[in-house]
Amino acid sequence: EEEITAVKNTVATELKSYSSVVQKSCSAALAPQKIASAVKKVNEEEDRSKNVIVFGVPEEHEEKLQPKVSEILDKLEEKPRVSNCTRIGQRKPGAVRPIRFRVSGSETVYQILKKAKALKDLEGYQKVFISPDRTVEERISRQKIVNQLKEKRQTDPSNHYIIRRGEIVCIDKT
């Protein structure tokens, strides 16, 4: 009888402490700031998913960006509806600012990025690169993995390393 009472008391005490821990952690996880931050992050990712960044396009005074972007996309045999073409960053002497533009959907961005590697084989486009629009955190993370890739290529030149889905992978050189 005493043992049963002791077990009941222990279970009741543990259940109360477990309940209070769960309640505290749930209220912390569902804090208004965390919810707002998560919603903002998702909106920003959705907004950026339709943007493309083009690097290496020479900058001219009073330039028209839409025809330049359309010309690059024509070389890739893509003809999406392009909008919001702008140079990003501050103007600096001797530096070429990237161009950001928007297309109709993230699937179109994917098709452009898939074909972007072909630019390096086209005359006059060897220095033009296309990438997705990334957040600051994504750019920092990408820079770290690119630096790791360069290090791997230097230490092991006999293998061919690339970045695939955010990870460094080794593929055959054949």
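**What stands behind the labels**

Mentor: Let's start with Asn84, which counts as exposed at 54% relative accessibility. Keep in mind that this is a predicted model.

Trainee: Where does Asn84 lie, and what is its phi?
Mentor: Asn84 sits in strand S2. Its phi is positive, about 55 degrees, although Asn84 is not a glycine. Most residues other than glycine have a negative phi.

Trainee: What about Glu62: is it buried or exposed?
Mentor: Glu62 has a relative accessible area of 69%, and the cut-off for exposed is over 50%, so Glu62 is exposed. You'll find Glu62 in the loop between S1 and H3. Glu62 also has a positive phi, about 50 degrees, without being a glycine.

Trainee: Which residues are buried in helix H3?
Mentor: In H3, residues 65-75, they are Leu65, Lys68, Val69, Ile72 and Leu73. Buried means under 20% relative accessible area.

Trainee: How do you know that the buried residues of H3 line one face of the helix?
Mentor: Look down the axis of H3: the buried residues fall within an arc of 130 degrees, so they line one face. They pack against several elements, including strand S1 (51-55) and helix H4 (106-115). Just after H3, Glu77 takes a positive phi of about 60 degrees.

Trainee: Why is S1 called mostly covered?
Mentor: Count its residues: four of the five are buried.

Trainee: What makes S1 and S3 a pair?
Mentor: A pair needs at least two bridges. S1 and S3 have four bridges, in the antiparallel sense, so they pair. Ile53 stands opposite Arg100 in S3. S1 and S4 also run antiparallel, joined by four bridges, with Val52 opposite Pro132 in S4.

Trainee: Now the largest pocket: what is its volume, and which residues are closest to its centre?
Mentor: The volume is about 1,900 Å³. Of the 42 lining residues, the closest to the centre are Ile130, Pro132, Arg134, Arg142 and Ile163.

Trainee: Which element gives the most to the lining of the largest pocket?
Mentor: That's H5, with 10 residues. By type, the lining of the largest pocket divides into 19 nonpolar, nine polar and 14 charged residues.

Terms used
Residues are numbered from 1 along each chain as its sequence is written. This is a predicted model: local features need pLDDT of at least 70, side-chain atom pairs count only at pLDDT 80 or more; totals for chains, interfaces and linings use all residues. Side-chain values use heavy atoms; hydrogens and water are left out. Buried means under 20% relative accessible area, exposed over 50%, partly exposed in between (1.4 Å probe, protein chains only). Helices (H or I, at least four residues) and strands (E, at least two) are DSSP runs, numbered from the N terminus. The arc is that of the directions from the helix axis to the C-beta atoms. Contact means heavy atoms within 4.5 Å. On a 1 Å grid over the protein atoms alone, a cavity is a set of points where a 1.4 Å probe fits but cannot get out, and a pocket is an open set with protein on both sides within 12 Å along at least five of seven lines; lining residues have an atom within 4 Å of a point. Grid points are joined across faces, edges and corners, and a volume is the space filled by probe spheres set on the points. Ala, Val, Leu, Ile, Met, Phe, Trp, Tyr, Cys and Pro count as nonpolar, Asp, Glu, Lys and Arg as charged, and the others, Gly among them, as polar.
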